[in-house]
Amino acid sequence: MAYLGPRLGPSRIFVPGVSAFRRLGTVGMADMGLATSRSPLERLHFDNVALKRLPVDSSEEAGPRQVKGACFSRVKPQPLAKPRFVCVSHAAVALLGLSGEEVASDPLGPEYLSGSRVLPGSEPAAHCYCGHQFGQFAGQLGDGAAYYLGEVKVPPGQDPELLRENPSGRWEIQVKGAGLTPYSRQADGRKVLRSSIREFLCSEVMHFLGVPTTRAGSVVTSDTKVVRDVYYTGNPRLERCSVVVRIAPTFLRFGSFEIFKRADEHTGRQGPSCGRDEIRGQMMDYVIEMFYPDIQQNHPDRVERNVAFFREVMLRTARLVAQWQCVGFCHGVLNTDNMSILGLTLDYGPYGFMDSFDPDFICNASDNSGRYSYQAQPAICRWNLVKLAEALAPELPPDRAEVVMDEYLDLYNGFYLENMRKKLGLLKKDEPEDEILITELLQSMHNTGADFTNTFRSLSQISCPTEGESEGDEEPVKKAADLLLEQCASLEELKAANKPTMDPRELAMLHSMAQSNPALFQMISERTTIAKQLDRLRKLNDLIETGQEELRAKQAEEWSRWITRYRKRLARELQGQSDVQAAQEERVRVMDATNPRVVLRNYIAQNAIEAAESGDFSEVQRVLKVLEKPFSSQSGLETSARAGSGEATKQGERDEGEEQQQEAAPAPSVRTPVPYDSRPPAWAHDICVT
């Protein structure tokens, strides 16, 4: 089944261990009136329970170090020079009881939301965690750039559905890119505009797609610069430091519980709190009581409580990855330290939404083995759950964890099929053959290079057979096939997609070996990579001998076969329905509310990034507005207002701090604007995300 200079800024005053601004959180009511008049952010009511319930590092030593016996380390954010907003998500900051308009126009907003000025009542800290990275235990990792600011109490009148999803009654606020922490290792604790915009936009679109996720409240950029080698080619350049505000009930993750791990048999590394089992118990009590209160209440026996907790985490994870698969989302770095303990999408790095459907789609150019490919995600999430179970032992008995994990595959398949039936408009009946129909659809998409998002979006336009009409009638089938052919790859696109990535000489040698010495080839070809490369070569050779017209005819034939089967299934949906018209209208309504019109494709993000890097933030703001309604068309927002111009659409939108950079930066190439809901333009295939 379908399965990435000098620090200048405002002065700050610190007393030992306590921020001067933190102390403002205890001022009297008369002083609070003054604070209220300065910034709406100063009205936030912090109640930092995590730092009260979990051990905090007693040392405030600056710089990277091992942190033993603690879950958090207090840190001091490093201010940015001239921080300014790139974009504010009104929907996300509303979770904190804030008005997006007020925040965006607040002169102190960029300082507070970049960590350059510490919010009254906040207690900046960095979280200690470990992780298995690409299958190997990496030891201590932790928040190398993200700062916990604190937890804000849920404002009165918050949506009951949000309270159900966040029973803690608090929202944790983080600033990502605010500077060095004890966990920064060899890095500088900074993030740049590219990665910050990508995380900001994807956090929000995932929410509006209905996928559980952490949220992003704003992006701030600055005049502070850091050196980055974008493609690791030895060509570094200066980039502007930027900060994303992240919001979630908690940012605790699977790796949070791996700080107790004993020496790993493969890497020899161990968790910094190895042997401190009492802290593991503390953490489990905190997480369950705060975020799973029903489990705490319904299971007085500690072991049964812990088993129920693990089962719920497993269920949420299975549901989450099923949702990823159904919107064509690939995370890119599914290490255990990037897996939320609440079943949220966490840490947006080299992610990608698929364009043409490919089960082997790899969004992270650094993932040479394809460990985190699209089709591997369900199995990798299961593997990560097993590592979480190991980290929870002995609080979670291994034999009980194994029984829970036996439920994973069936749960995942159930969630996946449920979502896919909605995407196909199969609402009235569950038939065993549906799984075959879905598999055949994906195979046809793969064979024809069809666009994942747009093909699913087009399915609601395929008509159900009407009374007296055969499911295989030629005219409606041809009309539907023509519709789907618009989403298929051209001959040149398929050739490019099937070009082997392995060195041609090495591949030719292996191909020759497969024919002349099959036994030897079998010995070295256990690596699936080689088999996939040879399969690509075979497909490429077939395509070289095929013309565009012949290819289009083959694609039309393949789609016609599937459409005929699909219409037969739709006809069975209508059997026994007293109001056929109402049933058909419901089908279209559900499909169009399940299959997005637009997702954050790489080229959309890249256009926004390039505009922002030239000083024009309007495209980031425009894309956010489009992504807030991914299932519907918005008049006036169909196409990028900037793509192709290489310049800001409005002089007033240009970032005043960008003039010097623009003089040195090469002029962007001219590109033809394309609608946000179109298949990607040719230049998009050259985008590389690591």
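The dialogue below works through several features of this predicted model.

Q: Which residues have the most contacts inside the largest nonpolar core, and how many residues does that core have?

A: The general idea is that, in soluble globular proteins, nonpolar side chains tend to be buried together. In this model the largest nonpolar core has 173 residues, and Trp559 and Leu600 are those with the most contacts inside it. Helix 10, spanning residues 302-327, gives the most to this core, with 13 residues, and the core draws at least three residues from each of domain 1 (40-398) and domain 2 (448-594).

Q: With which residues is leucine 600 in contact, once its neighbours within four places in sequence are left aside?

A: With those neighbours set aside, leucine 600 is in contact with Arg198, Leu201, Cys202, Val205, Tyr351, Phe353, Ala605, Val623 and Leu627.

Q: How many salt bridges does the count come to, and where do aspartate 223 and arginine 84 lie?

A: In general, side chains of opposite charge can pair when their charged atoms come close. The count here comes to 49 salt bridges. In one of them the side chains of aspartate 223 and arginine 84 meet, with an N to O distance of 2.5 Å. Aspartate 223 lies in strand 11 (residues 215-228) and arginine 84 in strand 4 (residues 84-88), so the pair ties together parts that are 139 residues apart in sequence. As for accessibility, aspartate 223 counts as partly exposed because its relative accessibility is 25%, whereas arginine 84, with a relative accessible area of 13%, is buried.

Q: Are glutamate 431 and arginine 569 buried or exposed, and how many residues apart in sequence are the parts that this pair ties together?

A: Glutamate 431 forms a salt bridge with arginine 569, and the closest N and O atoms are 3.6 Å apart. Glutamate 431 lies in the loop between helix 13 (408-424) and helix 14 (434-448), while arginine 569 lies in helix 21 (residues 548-574), so parts that are 138 residues apart in sequence are tied together by the pair. Glutamate 431 is buried, with a relative accessible area of 13%, and arginine 569 is buried as well, with a relative accessible area of 2%.

Q: What separates lysine 478 and aspartate 482 in helix 16?

A: Lysine 478 forms a salt bridge with aspartate 482, with the closest N and O atoms 3.0 Å apart. The two residues are separated by about one helical turn, because they are 4 residues apart in helix 16 (residues 474-485). Lysine 478 counts as partly exposed at 45% relative accessibility, and aspartate 482 counts as partly exposed at 35%. Elsewhere, salt bridges that share partners join Arg421, Asp430, Glu431, Asp434, Arg569, Arg572 and Glu573 into one network.

Q: Which residues line the second largest cavity, and which element gives the largest share of its lining?

A: The second largest cavity holds about 80 Å³ of space, and its lining is made up of Gly425, Leu427, Lys428, Cys464, Leu570, Glu573, Leu574, Ala583 and Arg587. Helix 21 and helix 22 (580-594) are the elements that give two or more residues to this lining, and the largest share, 3 residues, comes from helix 21.

Q: Is asparagine 338 buried or exposed, and where does asparagine 338 lie?

A: Asparagine 338 lies in the loop between strand 13 (329-330) and strand 14 (352-353). Because its relative accessibility is 10%, asparagine 338 counts as buried. Leaving aside its neighbours within four places in sequence, asparagine 338 is in contact with Arg253, His331, Val333, Leu346 and Asp347.

How values were computed
Residues are numbered from 1 along each chain as its sequence is written. This is a predicted model: local features need pLDDT of at least 70, side-chain atom pairs count only at pLDDT 80 or more; totals for chains, interfaces and linings use all residues. Side-chain values use heavy atoms; hydrogens and water are left out. Buried means under 20% relative accessible area, exposed over 50%, partly exposed in between (1.4 Å probe, protein chains only). Contact means heavy atoms within 4.5 Å. A nonpolar core is a set of buried Ala, Val, Leu, Ile, Met, Phe, Trp, Tyr and Cys residues joined through side-chain atoms within 4.5 Å. Domain bounds come from an automatic or database domain assignment. A salt bridge is a side-chain nitrogen of Lys or Arg within 4 Å of a carboxyl oxygen of Asp or Glu. On a 1 Å grid over the protein atoms alone, a cavity is a set of points where a 1.4 Å probe fits but cannot get out, and a pocket is an open set with protein on both sides within 12 Å along at least five of seven lines; lining residues have an atom within 4 Å of a point. Grid points are joined across faces, edges and corners, and a volume is the space filled by probe spheres set on the points.
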